[in-house]
Amino acid sequence: MYLRATPILLAAAIAASGQSVSFSRDVKPIIENRCAKCHGASMQLGKFDMRSREAVLRGGEKGPVVVPGKPDESSLYRKVAGIEKPVMPMDGKLSAKEIEIIRGWISDGVPWEGQVTAAPSATSGLAAMEEFKVSDGARSFWSFQRPVKKTPPVTGEAEWDKHPVDAFLRQPMREKGLKVAPLAEKHVLMRRAFLDLTGLPPAPAEVREFMDDNSPDAWEKLIERLLASSHYGERWGRHWMDVARYADSNGYEHDFDRPNAWRYRDYVIRAFNADTPYDRFLEEQLAGDEMDEVTHDRLIATGFLRNYAKVGFREKDNPQYRFDYLDDMIATIGRGVLGLTVQCARCHNHKFDPVGQRDYYKLQASLYGYVEVDHPLVPEPEAKAFAAKTLDVNSRIKPLRDQVKLLDLPYEEKLLAEKYRKWPSNIQEAIFTPEEKRTPGQVLLANQIIRTTRVTPAEIEGVMTPSDLEKRRALDGQIRQIEKERPKAIPVAMGITDGDYRFAPDGAGDEPAPGKGIKQEVTEGSFLCDGSKPYTAPAAYFLHNGDMANPGSKIEPGFISVIDDGALPTTLQPGHKRTSGRRLALARWMASKSNPLPARVMVNRIWHHHFGRGIVTSLDNFGRNGDAPTHPDLLDWLAVEFVEHGWSIKHMHRVMMTSRAYRMSSGFSDEGNLRTDPENLHWWRFRPQRLEAEIVRDSILAVSGSLNKEQFGPAVFPELPKEVLASMDKGIWRQTGDGPGVWRRSVYVYRKRGLPLPFFEVFDLPDQNISCGRRTASTVPTQALTLMHNEWVLNQSRRFADRIATQAPSGVDAQVSLGYLLVLGREPSALERSEAVDFLKSRTLGDFAHVLLNLNEFIYMR
């Protein structure tokens, strides 16, 4: 029997032979050839020096890494054995024999002989690991090739040849012998179009108008009317906000409110309604503050980059957070715009796609100078006057607040100590151990408790001496008096711009000194460039293993190598010179002819929302681990068509919705088709789609007659059950009661990351912390139970019944007709009518209305 040479077997073999580990013969060559290039003279990783026994025992910046005699407690052994992350060495794992040699050496007490020097061939060390070359074979992958608009095939079937989409779809159907569904009934198409483009069911008058229109272009006219509706942007803007991970709160444990986030939501709705060309839409969101003409809308658009979930502390307190936010930006741009999981290259070259770590850090350099700002949405003189007055008030208040802090400090420390002593002994030990002496485990424990334990002013005042309390209240009085002079707030938008964020080494100068980590500073106060001198972007660095403590070489901005031909500049500093122009260059590259991905990714998203599945099913992954396109020629035709028509999203709606494929019935079935193509990958029938959570709620409000169609502005807060509200201890939820004020469209409902609206969660609201391209659509009992028993649904059912009674007073037959017309956009069948009339003989109109809202057909787009 063959046994693999594992460390355990090797250990047994060594023990059996009586052979001990020799430092000179066994250990020294491993250190010199595999370790000293990074842990030698330069100490490029973790400030850990392996050139002497004393240095090895001393350890690195995170403490000792070797416990003599105890390999299982030594992080050096655990990392080379792959037990702990990151696995070392970084340029490739040791062999099983080498791992066991390290284990035996530590077991023997870490004996040492002579001096260790790095092997001459390894002097380049980490610098060599920063290099990344893309092979010609990698560039040949389908999604990295520029799309080509092939001539649609000729099928010989006039009905299918007259529309390019149908011609591309019909050819493979014929090859597989698939039968095609007939066209859907007119009322089904009308409801499909309304729900698809506006997210609202058609009103009875709109049903009758379309049903009575027998002109040959009735369908095209309906599409145009819906595209012109202001509700279109509310529907399709919501799709984009999933990609942009939009929310009204920070997330994480504090979940602080973002009082101006809603302006980005409104910008997106306006942009979709105006059919803003997609290339400009991207440019505004990535670099609205860097464009030739900087408008309020473009400043608001930069909120796209600031939509990340955020820990409730300043980056200055924990600089690592900044790199996490940059990673979130790169992940969102990568998945949402490029269809690539670029974020996977943060710590190492991408495991599946030809995306190197250097590519990741080139993108990071393009974004690195960002700072969070609240853009003033008033004329510049007014903004400057507001800033000057605010600065004056703040400068007078600051010394008073400093005095309050000094007064509070001893009492605060005493109260905190009392709170800390309520924790178990191991936590207390971690907290009260001096910071520089804490073990890594103690650091985690202490930080978690210290960060979340607070003392309120009321608690401090409760233990103050009368003398100090009198001084404190006098200072508070002075502060309140000055606060009266604070100017009235001006409207602002949550966004980003370039600023003075320094990413500098611990030592002097710009370059990181050997073995030095990174020190970061946010210059508070005047940190924005006024344009009097051109803005200079801060230096960004390659971070080995994604660790800010292990910087490599300085990195210049750039793009993804496998799809970049190098023809475009990586910096386009704008005329106002207040920013670097790096983000602007990135945005221009995104929409350039040399970039094969953004147009493909966007038309695939549009197709997915219309047809229920993308041509590439993995909407956010066009890489090797993603799904291959089912109809590559169609995808490329659509991508080129999109660009040729000015990146118009509304044009793509017209193209897709006028196809026969879109107008097919969803009720058709064929046994042969189900055997050949059970997943309907070739679209031989229309794919029914469960409505998203927001559209279910909006539809209920619409048919009950309760929908408040007011657009834009701050978010609304639907009433939450008391037990749900009680579970919230951070952030806000303004309980205003159930009524017309909160019966607005769901796109305007407050998006609280830490407490999603329960109704939305039941119907598969996605994770609001990350970019989401495709929502799941589950079928679970809680959905039916919600529609049957939720108090809000029951209330809307009663209002729906009142509407039926008011608008159809002539009797039961008319009321049944109106109920069906409002809910399903059609008249009831003879059987449905008969059953409904019988039902109403013993039940109320409210019960009937409630039953209609529970119909499967109501919550599906068919």
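Predicted model: local features only at pLDDT ≥ 70, side-chain atom pairs only at ≥ 80, totals over all residues.
**Ground rules.** I number residues from 1 along each chain as its sequence is written. Local features need pLDDT of at least 70 and side-chain atom pairs count only at pLDDT 80 or more, while totals for chains, interfaces and linings use all residues, and side-chain values use heavy atoms, with hydrogens and water left out.

**Domains.** I looked up the domain assignment, whose bounds come from an automatic or database assignment. Domain 2 is made of 159–229 + 596–676, and domain 3 of 289–377 + 494–588. Their centres, taken over C-alpha atoms, are 38 Å apart. I found eleven residues of domain 2 in contact with eleven residues of domain 3 (contact means heavy atoms within 4.5 Å).

**Helix 30.** Next I turned to residues 693–704, a helix in the DSSP sense (a run of H or I, at least four residues, numbered from the N terminus). From first C-alpha to last, helix 30 reaches 17 Å, close to the 16 Å expected (1.5 Å times one less than its number of residues). How many of its twelve residues are buried? I noted eleven, including Arg697 and Asp698 (buried means under 20% relative accessible area, with a 1.4 Å probe and protein chains only). Just after helix 30, Gly705 has a positive phi of about 85°.

**Cavities.** A cavity is a set of points on a 1 Å grid over the protein atoms alone where a 1.4 Å probe fits but cannot get out. Among the residues lining the largest cavity are Arg238, Tyr246 and Asp767 (lining residues have an atom within 4 Å of a point).

Methods: 1 Å grid on protein atoms, 1.4 Å probe; cavity = no way out; pocket = protein on both sides within 12 Å on 5 of 7 lines; lining within 4 Å. Helix = DSSP H or I, 4+ residues; strand = E, 2+ residues; numbered from the N terminus. Buried < 20%, exposed > 50% of the residue type's maximum accessible area, 1.4 Å probe, protein only.
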